[in-house]
Structure formats: C-alpha cells, structure tokens
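Reader: Could you walk me through how some helices and strands pack here? I would like the cut-offs along the way.

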Amino acid sequence: MTLYPEENLGVPWDIERFDGFLKWATTQKASDVALEPNKGIWTRVHGTWRPASHRKITSHEIGLLLDATTTKNGTAIARTDAGYDIDGAYQVKVDRFRYARFRVNGTACRDGSSSSGISIIYRTIPSVPLHIDELSLEPAITENIFPHNGLILATGVMGSGKSTLLASVLRFIAENHARHIMTYESPIEFDLTSDEIKHTGPCTQIQIPDHLHDFVSAPRNSARRAADVVMYGESRDQETLRSMIEEAEIGVAVYSTVHTRSVAETLPRIINVFPSALQNQVASSLISSIRLIVHQRLLPKTGGGRVAVREFLSFDANLRSRLIKVPLQDIGQTVQSIVEEQGQPLIEAAERAFRGGEIAEVDKDVIFKEFSQAR
C-alpha cells in the first residue's frame, strides 16, 4: 500500500499542495480521489479503495479546495450548506505538454460530529479518448455501433467505462466518417477537439451549464446547428429523453449513457421515467429509434488492473417490428430472451474472460448468479 509522502504534506491543505497530491495520484493510476471531513484522503486504484494519506483534512480545508477547483468565487461552502451539490471540472499541469483532468463533485455531509461538513470526489478523466481498437470490442459491436441514424446506448453502473467507450466511438467517427459531431456534457470529459485527433469534420463540445443553460435545450440547439452525431452525457429527465428519442428518429445518430445493470433493464427504465399515460407512445418511439445497447462491467483482472466484459444486443428492423407488438410489462423479459438468442449475454462474456485467464472464477460466479436470477 503506497501513501503520499508525508514530507510533501503541509498545514493547511492549500491548493498548491493539493495539486501536488493530484499529480501523485495520477502516477498511482488512481481513478478517483475522495475527501471526507476529518479523515485521511482515499484513492481508488483498479476498482479498490485504499488510504493515501494519514494526514487528516478538515471540512474547512475541503471547502477551500472545492472553491479553488470549481466555483472559484467563494460560494462553495454557502452553496453546499444550502443543500446544493457542486459539479465541475479541474485540471493540473503535469509537465510542459500534459494535464491531468478531473471531474469534481462536492456535497454536504455529516463531519463526524453534530455539524455539517463537505465531501468531494475527484474522478480522473483521460484527456484524449483511446483508439477504439484499444478497447477489444467484439466484432458484432463494431459492426453496429456506427449507424447513420438512431439511438445507441452504453449502460452500466458508475465507473464501468461507459463514457470511455462512447468517447472512443466518437473519436473513430471524427477521424473516419466526416460528420458533424456535437456533445452536451456536464462537465466535458474527454477532449474530442484535440490536435491528436485527425478530424474529417467539425466537432463541437458544449458544457452544461457554462455554454448552454441545460440539457433540455440541447436537442433544439443541435438541430439548429446541423449536427449529424450527438452525444448526451446526461439523459435522465423526461424532456431530454423525449427530445433525444425524437432526434434519433429524424436522422441523427444519438449516443448516450444510462445507469442500468443489463440490456434488458434499459428500455423499461427509460419508459418508466414517463407518466403512465405517455408510456405507450414513448415506448413506440424508443423502439423505433433504438439501434444498439451495450452493457459493460469492469471486473478485476488476473494479475492486476481491470477487464471489460460486455452484454449487447443490436436492434435491426425485424427485431424492432417484433418489439413494437410486445406489451409494456413484457418488454424487459422479452429483450432478455432475445439477448440470449441473438445477442451476447453478460455471462457469456464472463465465461470467455474466465476461460482466457483474464478473471477469477469468483468474479465469473457473481455474474452467473445475477444472470440466473434475471432469467
């Protein structure tokens, strides 16, 4: 277990010392850094949380760091005290040419006594997306993840690599398909405008709410700007979901992420966001527009690191016609059966990773148990 060198610590934890800590955390391959009031700092490496500092950090210090890495106007403590969480992005210069980038969220919490404190999560963001061939995607995914129009969804729990997957897909489109790409994110994660990417068409990244007020405005904005490919980093409210689906129906390739635990769970989860009076209409539009759902998990890799296992289903015209006739209450179970018939269930990917020596049997068995319960 590696701790941040104590000689680099100071009192208080100011932004200069914390920048040094964040740079150190990136050298340790930390995906997340957690600050809790009156506790040592934690880092998550390859999916496992571990202590990174014996030195405790106070809630006041955390508030000052949240201000310095997000609002920069002295309002962080007041806003969290009022019950608002704070999102932002922050970067630290690593050397002359490189920056370490982080997605930031600060939220009020109990500080270990009767008073309130602040906790912060810093999630690392690679500056430029990976090349898609670095992801070891199944051929059936790469054959169906670049439709001319329609809706493509990457699903999974927090930290399962959904954004990494979609960013690599958009990089491939930017370098090969000569289409106008627009992203709406909060905050912007990967830099798709980087000179490292050999663009064959325009690419515009918009951060909510800095560049555009909210996600609800995004579909109208992208339509006015003649977008061919749109990526939504957030698609949870009714207005955005409805507009996103309509946009996919009229000729745009729309990519987004959903927090679900399987392909089969995804369509019902979206439909159930809407009131019952609208669900049949929404289901019809959603099924008409859907092209591909990829569900991804990151499992501990034998020998260290993590490996992606994926469940997926491509929705061709025949499958969409079949699903249109399915009653709402049966869509999830029907999709589960179709995944087993003509897609790739998660257990199949886990079995293959286990046979290839990439994951341990215990992790494969967890997937198998979940798969058995879902059937």
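Reader: Which hand does the crossing of α8 and α9 have?
Author: This is a predicted model in which local features need pLDDT of at least 70 and side-chain atom pairs count only at pLDDT 80 or more, while totals for chains, interfaces and linings use all residues. Residues are numbered from 1 along each chain as its sequence is written, and side-chain values use heavy atoms, with hydrogens and water left out. A crossing is left-handed if the near helix is turned anticlockwise from the far one by less than a right angle, and right-handed if clockwise. By that rule, the crossing of α8 and α9 is right-handed.

Reader: At what angle do α8 and α9 pack, and how is α8 described relative to α9?
Author: Helices (H or I, at least four residues) and strands (E, at least two) are DSSP runs, numbered from the N terminus; axes are lines fitted to C-alpha atoms, for helices over the stretch in contact, and angles run from 0 to 180 degrees between N-to-C directions. Helix α8 (residues 263–271) and helix α9 (residues 276–289) have axes 9 Å apart and an angle of about 135°. Angles under 35 degrees count as roughly parallel, over 145 as roughly antiparallel, 65 to 115 as roughly perpendicular and the rest as oblique, so α8 relative to α9 is oblique.

Reader: Which residues of α9 make the contact with α8?
Author: Contact means heavy atoms within 4.5 Å. On the α8 side, Leu267, Ile270 and Ile271 take part, and on the α9 side they meet Gln279, Ala283 and Leu286.

Reader: Is Gln279 buried or exposed?
Author: Gln279 sits in helix α9 and, leaving aside its neighbours within four places in sequence, is in contact with Ile271, Asn272, Phe274 and Leu328. Buried means under 20% relative accessible area, exposed over 50%, and partly exposed in between (1.4 Å probe, protein chains only). Its relative accessibility is 14%, so Gln279 counts as buried.

Reader: How does α9 run relative to α10?
Author: Their axes come within 9 Å, with helix α10 covering residues 317–324, and cross at roughly 170°. That angle makes α9, relative to α10, roughly antiparallel.

Reader: How many charged residues are in the contact of α9 with α10?
Author: Ser284, Ile287 and Ser288 in α9 meet Arg320, Leu323 and Ile324 in α10. Ala, Val, Leu, Ile, Met, Phe, Trp, Tyr, Cys and Pro count as nonpolar, Asp, Glu, Lys and Arg as charged, and the others, Gly among them, as polar. The contact divides into three nonpolar, two polar and, for charged, one.

Reader: How far apart are the axes of α10 and α11?
Author: Leu319, Arg322 and Leu323 in α10 meet Thr334, Val335, Ile338, Glu341 and Gln342 in α11. α10 passes α11 in a right-handed crossing. With α11 covering residues 331–342, the angle is about 155° and the axes are apart by 12 Å.

Reader: Turning to the strands, how many residues of β8 are buried?
Author: Ile181, Thr183 and Glu185 point one way from β8, Met182 and Tyr184 the other way, and all are buried. Strand β8 (residues 181–185) is largely enclosed by the rest of the structure, because the buried count is five of the five.

Reader: Which residue of β10 is the bridge partner of Tyr184?
Author: Two strands pair if DSSP finds at least two bridges between them. β8 runs parallel to strand β9 (residues 203–207), joined by five bridges, and parallel to strand β10 (residues 229–232), joined by four. In β9 the partner of Tyr184 is Ile206, and in β10 the partner is Tyr232.
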